Amino acid sequence: MPRYEFTMQRLYLRTSINSGARIELDKSHANYLVNVLRMGPGDAVLVFNGHDGEWKAEIAEATRRHVTLAIVEQTRPQTPLPDLHYLFAPLKHARLDYMVQKAVEMGAGVLQPVLTQHTQASRVNLERMEGNVVEAAEQCGILAVPEVREPVALANLIERYPTYEPGRRLIFCDEASDGLNPIPALADLSQGPLAVLIGPEGGFSRDERLVLKAQKFVTPIPLGPRILRADTAAVAALAVVQAVIGDWS
């Protein structure tokens with residue numbers, strides 16, 4: 001990924017961006033720039049929308065409630081969405097916020113909540129998830145904003161997976177694995193579309209593990225000798241996958 005300007009404020013906009021455009025910000029963005037950051041006419045920000053690349057913009061007009069940006073020039077062209085899916089059992093509140101943000105930072109292109117037998121949070125606030133995705137993208141220079149999908153039951157996911165995700169290998173993080181090192185199992189896989197599945201805090205049930213391990217499209221891996229919290233396991237799993245067969249390799 002090309003380097004970006006770390007010192008400039010970045011904003012995600014839900015509108016088209018092109019050279020010479022003037023864009024009136026919504027009340028939330030306007031309040032943040034003027035009343036929180038104390039910015040005013042002539043100050044510059046970076047803006048992106050997930051489709052048109054990143055652009056430098058200047059504040060053309062500013063009041064306490066209204067801000068208009070003037071688009072100056074493109075700073076980076078649009079990059080494609082990472083082809084790594086992150087599947088996870090939902091967590092509660094702040095820990096889910098953390099996990100979503102870290103998954104985005106680690107290169108997930110799709111976030112898919114999966115309901116398992118031991119899932120503790122059966123209701124998922126997708127709007128809040130999307131907000132955390134955007135926040136991570138704004139802070140980390142990400143241009144392609146990951147997709148947040150509706151929750152799906154694990155049994156339904158497994159049943160439809162070969163049809164909806166043909167050729168995509170599902171890496172199942174098995175907390176009950178006899179092994180310790182995930183690298184040999186990953187190193188045996190060929191390059192191709194990937195998905196990573198992390199279970200709930202209580203782990204996968206025995207039946208779920210048996211069904212997953214019976215699927216030809218599933219590769220189980222361990223995550224070392226220690227018991228990891230689900231949000232920690234997310235970072236560990238995505239890091240090792242990216243390092244061995246992902247976009248770090």
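The model is predicted, so local features need pLDDT of at least 70 and side-chain atom pairs count only at pLDDT 80 or more, while totals for chains, interfaces and linings use all residues. Residues are numbered from 1 along each chain as its sequence is written, and side-chain values use heavy atoms, without hydrogens and water.

Next, show strand S5 (residues 67-76) with S2; three bridges join the two, which run antiparallel. Strands (E, at least two residues) and helices (H or I, at least four) are DSSP runs, numbered from the N terminus.

Two strands pair if DSSP finds at least two bridges between them.

Now move to the largest nonpolar core, of 41 residues, where Tyr86, Leu111, Met129, Ile171, Leu186, Val196 and Val241 touch the most other members. Such a core is a set of buried Ala, Val, Leu, Ile, Met, Phe, Trp, Tyr and Cys residues joined through side-chain atoms within 4.5 Å; buried means under 20% relative accessible area, with a 1.4 Å probe and protein chains only. Elements that each supply at least two residues of this core include strand S6 (84-88) and helix H7 (230-244). H7 gives the most, seven residues.

Finally, pick Tyr86. Leaving aside neighbours within four places in sequence, its contacts (heavy atoms within 4.5 Å) include Met99, Leu111, Val196 and Leu238.

Technical notes
Buried means under 20% relative accessible area, exposed over 50%, partly exposed in between (1.4 Å probe, protein chains only).
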